[in-house]
Amino acid sequence: IRDFCLSRGLGDVYKRQVLDLETDDRRLEQRQKQIEYGYNTEGYKNYMLLVPKTRRRDGMPKTPEKKQKCSKRSWDGQIRKWRRQLHEWDNPAAWEPNPFQRQLEQLERLEERDPGDLVKDPVVRSLAF
């Protein structure tokens, strides 16, 4: 089965990309089971509470798409990466400032400022480009 989707290209140009979807029910069940294990972790619960979807950035945990057509090795690698990223959110009280926390703090400070000042701010310029 093939499904079509739009993916973002350079310069916000959208292009068509063909994706193969997994159809094996047993494999899909196993993948869902692995995803559920991740959802039941403290790290996932903390991440969901502390980072709204609108503030998520590249490099933050992203649940692998269970319907993607890929090898078992590729799937296991994606799950492993996702679970490791979730573990970074296990104990927020013990966190030292990390890049994600700094990004969130910068965004919060920017939201409090006058919109006219944002154009001149070097942090905003670095996030925009």
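## A buried valine in a loop

Valine 51 has a relative accessibility of 0% and therefore counts as buried; buried means under 20% relative accessible area, exposed means over 50%, and partly exposed lies in between, with a 1.4 Å probe and protein chains only. This is a predicted model, in which local features need pLDDT of at least 70 and side-chain atom pairs count only at pLDDT 80 or more, while totals for chains, interfaces and linings use all residues. Residues are numbered from 1 along each chain as its sequence is written, and side-chain values use heavy atoms, with hydrogens and water left out.

Valine 51 belongs to the loop between α2 and α3. Helices (H or I, at least four residues) are DSSP runs numbered from the N terminus, as are strands (E, at least two). When residues up to four places away in sequence are not counted, valine 51 touches Arg56, Met60, Trp89 and Leu104; contact means heavy atoms within 4.5 Å.

Asparagine 46 is part of helix α2, which covers residues 42-50. Its relative accessible area is 13%, so asparagine 46 is buried. Setting aside residues up to four places away in sequence, asparagine 46 touches Trp89, Asp90, Asn91 and Pro92.

Glutamine 85 is located in helix α3, residues 72-87. With 14% relative accessibility, glutamine 85 also counts as buried. Apart from neighbours within four places in sequence, glutamine 85 is in contact with Gly59, Met60, Pro61 and Lys62.

## Salt bridges

How many salt bridges does a search of the whole structure find? The search finds 2, a salt bridge being a side-chain nitrogen of Lys or Arg within 4 Å of a carboxyl oxygen of Asp or Glu. In one of them, the side chains of glutamate 22 and arginine 27 meet at 3.5 Å, N to O. Glutamate 22 is buried, with a relative accessible area of 7%, whereas arginine 27 is partly exposed, with 34%.

Aspartate 76 forms a salt bridge with lysine 72, and the closest N and O atoms of this pair are 3.0 Å apart. Both residues lie in helix α3, 4 residues apart, which is about one turn of the helix. Aspartate 76 is partly exposed at 22% relative accessibility, while lysine 72 is exposed, with a relative accessible area of 55%.

## Aromatic rings

Rings of Phe, Tyr and Trp (its six-membered ring) pair if their centres lie within 6.5 Å; planes under 30 degrees apart count as stacked, over 60 as edge-to-face and the rest as tilted. The count by this rule is 4 aromatic pairs. In the pair of tyrosine 39 and tyrosine 44, the ring centres are 4.7 Å apart and the planes stand at 40°, so the pair is tilted. Tyrosine 39 is partly exposed, at 28% relative accessibility, whereas tyrosine 44 is buried, at 16%. Together with Trp82, Tyr39 and Tyr44 form one aromatic cluster.

A charge sits over a ring if NZ of Lys or CZ of Arg is within 6 Å of the ring centre and within 35 degrees of the ring normal. Arginine 31 is placed over the face of tryptophan 75, at 4.7 Å from the ring centre.
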